[in-house]
Amino acid sequence: MKLTLRIWRQRDADSAGAMTTYEVDGISEDMSFLEMLDHLNEELILAGDEPVAFDHDCREGICGACGMVINGQAHGPERTTTCQLHMRHFRDGDVIDVEPWRAAAFPVVKDLVVDRSAFDRIIGAGGYVSVPTGAAPEAHATPVPKEAADLAFEHAECIGCGACVAACPNGSAMLFTSAKVVHLNVLPQGAPERESRVLGMVSAMDEQGFGGCTNTGECAVACPKGIPLSAIGTMNREYLRASVKRR
Amino acid sequence: MALATRTERSPSLIGFVWHSTVGKKAVMAVTGLVMLAYLVAHMLGNLKIFFGAGEFNAYAHWLRTLGGPVLHHEWFLWIVRAVLAASVVLHGVAAYQLSRRDLAARPARYERRRARTSYATRTMRWGGVVLGLFLVWHLLDLTTLTVNPNAQQGHPYENLVASFGRWYVNVVYIVAMLALGLHIRHGFWSAAQTLGANSPRRDRAFKATADGLAALLTLGFVAVPIGVMTGIVS
Ligand code: HEM
Ligand code: FES
């Protein structure tokens, strides 16, 4: 396959960036999107140019590092991560636009790499359960109803990639935050911090400069893990309940 | 060690909630639903126009006596007006503040971007502005009678027929009611989501109710200028 790539190049956080056009040839349809970029980078290095910087780690769709916007869609045309997107979803001769996540809370570090540490600060404000240290407790000491376990698992699938923020017209982190809140709030282990968790995480989310939710649903369409839009409704309910109970 | 005693007062629920994006949106949802409930009653009352001047004017008069003898003449009406005014202001201020924040949170656009949301969802902000402007004109026309061609206090039927006798008034009115329908179509479902009343099981029912309310309000309100235009009401 022969492709024309238009890639966002930006030297560092303080420089202005621009879309730059590259031609690549010899792309196999079995390559992943990241392998295609590796191929481009090898050519750039041989030519003495600066390779395109992009984030990646596991390359198996579980770490959430590899986010980029491909032809206006977070992680490209399939519901998966960029590392698991294969070139067979493109056609010979295609022009492909590749851009970093765009959100005020995710500043560009270089080229396609953005700083997603705002997510870590949201997690730090309540995305955990407090457990005593020591030997692992007996597995049946805390029974978890089947529905709660399923619901928690569905929301625990979030890998924190940031596609929801990138796809949202308001740069909102509501789907990410609500996935974490629902995951922990439905479990008995999360119950002691049920109120402080949602209040703390929402307030951290606002402090990081994410936008608000207008219920457009773009986030849930973009999510590679299929976190449902209903998570946001549930978090809103948890938030209002906790606000009333606050004192 | 003595425990710290709590001396500072924590803010009221509304005050607390107003300072977060989630809470401010909830204020928007509640005030939106208050306005929506009022509009359903308003639309039903308007349809009395089809039963003649006598019945319509008597209805308008009755509205002023509602709540009596506990409430003095027109007090009920003024309470409704106060609640609605507060709702419009809170709804508008919340919409403005949240929109400013939302636009700042997404400073750059993508090269290629196709809209994947419905028309109603994409027009909430400008549609809201259209509704706000319409509201100002509507009050000047039929409540204060400032811009009404007939302007006779106590004769709402005649004032209304005179106003809708002008083609451009009908156009403005019908466009505004279409904007209202779109706003409700997304707004009602959105409010269910914002207030946490929605769930995967109820989602379809809320969407269907939103569509139903939007169609009902738009058709019900638009029936009046159409009635005047076609001479059914004169
Ligand atoms: C006149 C009657 C109006 C009614 C019945 C109404 C109703 C509603 C409702 C029920 C919502 C949903 C709240 C939510 O998203 O949770 C809403 C949202 C909204 N309204 Fe209104 N509204 C009215 C007027 C206005 C006006 C005058 C403005 C603008 C100044 C406005 C701007 C908005 C905006 C921007 C949203 C947010 C939409 C979103 O984020 O999805 N509305 N409205
Ligand atoms: S590199 Fe880990 S999810 Fe893509």
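A residue counts as buried here when its relative accessible area is under 20%. Keep that cut-off in mind as we walk through this predicted model, starting with chain A.

What is the chain built from? There are 8 helices and 7 strands in chain A. If you draw a box along the principal axes, the C-alpha atoms of chain A fill roughly 60 × 35 × 35 Å. Its accessible surface comes to about 10,700 Å², and carbon and sulfur atoms own 52% of that area. As for how the chain meets itself, take the contacts in chain A with a separation of 6 or more: 68% of them join residues 24 or more positions apart.

Now on to the ligand. Where does ligand 1 sit? You'll find it between chains A and B. There are 22 residues around ligand 1, and the ones that come nearest are Met28(B), His91(B), His183(B), Ser190(B) and Thr194(B). Sorted by class, that shell holds 10 nonpolar, 10 polar and 2 charged residues. On the chain B side, four helices each supply at least two shell residues: helix 2 (21-46), helix 4 (75-105), helix 6 (124-142) and helix 8 (167-194).

If you're thinking about polar contacts, have a look at the oxygen atoms of ligand 1. One is 2.4 Å from a polar side-chain atom of Ser190(B), a residue already listed among those that come nearest to the ligand. An oxygen atom of ligand 1 is also 3.0 Å from an N or O atom in the side chain of Lys25(B).

Let's finish with one residue of chain B, Arg64(B), which lies in helix 3 (residues 53-65). Is Arg64(B) buried, partly exposed or exposed? Its relative accessible area is 26%, so Arg64(B) is partly exposed: buried would need a value under 20%, and exposed one over 50%. The side chain of Arg64(B) reaches the backbone oxygen of Ala60(B) at 2.7 Å. Leaving out residues up to four places away in sequence, Arg64(B) touches His73(B), Glu74(B), Leu77(B) and Arg81(B). Then there is Phe76(B), which is 12 residues from Arg64(B) in sequence, with 7.1 Å between their C-alpha atoms.

Terms used: Residues numbered from 1 in each chain as written. Chains lettered and ligands numbered in written order. Predicted model: local features only at pLDDT ≥ 70, side-chain atom pairs only at ≥ 80, totals over all residues. Heavy atoms only, no water. Near = heavy atom within 4 Å. Polar contact = N/O pair within 3.5 Å; in protein donor to acceptor, adjacent residues only side chain to side chain. Nonpolar A, V, L, I, M, F, W, Y, C, P; charged D, E, K, R; others polar. Contact = heavy atoms within 4.5 Å. Areas by Shrake-Rupley, 256 points an atom, 1.4 Å probe, with all protein chains shown as cover. Buried < 20%, exposed > 50% of the residue type's maximum accessible area, 1.4 Å probe, protein only.
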